[in-house]
Amino acid sequence: MISTEINGIPCFRFSHLAGFPELRHAIFTRRGGCSTGPFRSLNVGRSVGDRADAVAENRERIAACMDRKELVLVHQVHGKDVLILEKGRMSDFSGEAPPRADALVTSDTDISLMIQTADCQAVLLYDPAQRVAGNIHSGWRGSVQNIIGHTIQTMIRHFGSDPETIYAGIGPSLGPCCAEFVNYRTEIPESLWPYRDERDRFDFWAISRDQLTAAGVLPAHIRTAGLCTRCRTDLFYSYRGEGRTGRFAAVIGMQ
């Protein structure tokens, strides 16, 4: 990934996605905001106990980094539902009560898709052939349900995407160094046990890469941030590492 700043706010970008001039994307860190205490400083999560005015200001700073396009987000529930936002057909909902889903796909160039995480993966998708962008929230439950595959299939069905033209970036998240699941026998299906090491730690980065390629995405089109949120609480929020903490943002949109 490329470490950079937008409007003075630190963020990361995937080098292969940065090669598309019509695409705007960023993985923001926990730095550059106005929240305090355990939420310091660029917390975008409204339901974690932070002040509403601080969250609103942080989201406004992120929107400014994304050319002030409307930030569209969902109420993430660790499921596999995908919200489809076609160009010119923006869903009628307010930011106070977003729909329940864990992925968004769009052909609308007037909005930006935002996912909030604190150990879970944000998986950014872009199909330059059909001009479709996507953003996925995938925690371990999302991996179990293969929300990545469901999102790719949604892009194929609704936008005519060819998976071989889709590019993907797996954002900072709980790494194989820290993703320990002592109750994996009841939480994680046996089909995913090959991704477990001798200390019951799972490589969800590898799981996501394999789910992307199983859906038809070319390995050469996939990048992984390789940054563990629990190891890097100086940069990112981590629920496993900190408990009470904020949420950082991953955003993608088209010009």
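Me: Which residue caps the N-terminal end of α5?
Reply: First, a note: this is a predicted model, in which local features need pLDDT of at least 70, side-chain atom pairs count only at pLDDT 80 or more, and totals for chains, interfaces and linings use all residues. Residues are numbered from 1 along each chain as its sequence is written, and side-chain values use heavy atoms, leaving out hydrogens and water. Helices (H or I, at least four residues) and strands (E, at least two) are DSSP runs, numbered from the N terminus. At the N-terminal end of α5, a side-chain oxygen lies 3.2 Å from the backbone nitrogen of tryptophan 205, and the capping residue is aspartate 203.

Me: Is aspartate 197 buried or exposed?
Reply: Aspartate 197 sits in the loop between α4 (184–187) and α5 (204–214). Buried means under 20% relative accessible area, exposed over 50%, and partly exposed in between (1.4 Å probe, protein chains only). The relative accessible area of aspartate 197 is 19%, so the residue is buried.

Me: Which backbone nitrogen does the side chain of aspartate 197 reach?
Reply: A polar contact is a pair of N or O atoms within 3.5 Å; within protein, one must be able to donate a hydrogen and the other to accept it, and residues adjacent in sequence count only if both atoms are side-chain atoms. Here the distance is 2.8 Å, and the nitrogen belongs to arginine 199.

Me: How many residues of strand β9 are buried?
Reply: Val132, Gly134, Ile136 and Ser138 point one way from β9, while Ala133, Asn135 and His137 point the other way, and all are buried. That leaves β9 (residues 132–138) largely enclosed by the rest of the structure, because the buried count is seven of the seven.

Me: How many bridges join β8 to β9?
Reply: Two strands pair if DSSP finds at least two bridges between them. β8 and β9 run antiparallel, with alanine 122 opposite histidine 137 in β9. Their hairpin has four residues between the strands, and the number of bridges joining them is seven.

Me: Which strands stand at the edges of the open sheet of six strands?
Reply: The order is β1-β2-β3-β12-β7-β4, with mixed pairing. For instance, β1 and β2 pair in the antiparallel sense over five bridges, whereas β4 and β7 pair in the parallel sense over three bridges. Each edge strand has a single partner, so one side of each is left without a neighbour in the sheet; these strands are β1 (2–6) and β4 (70–72).
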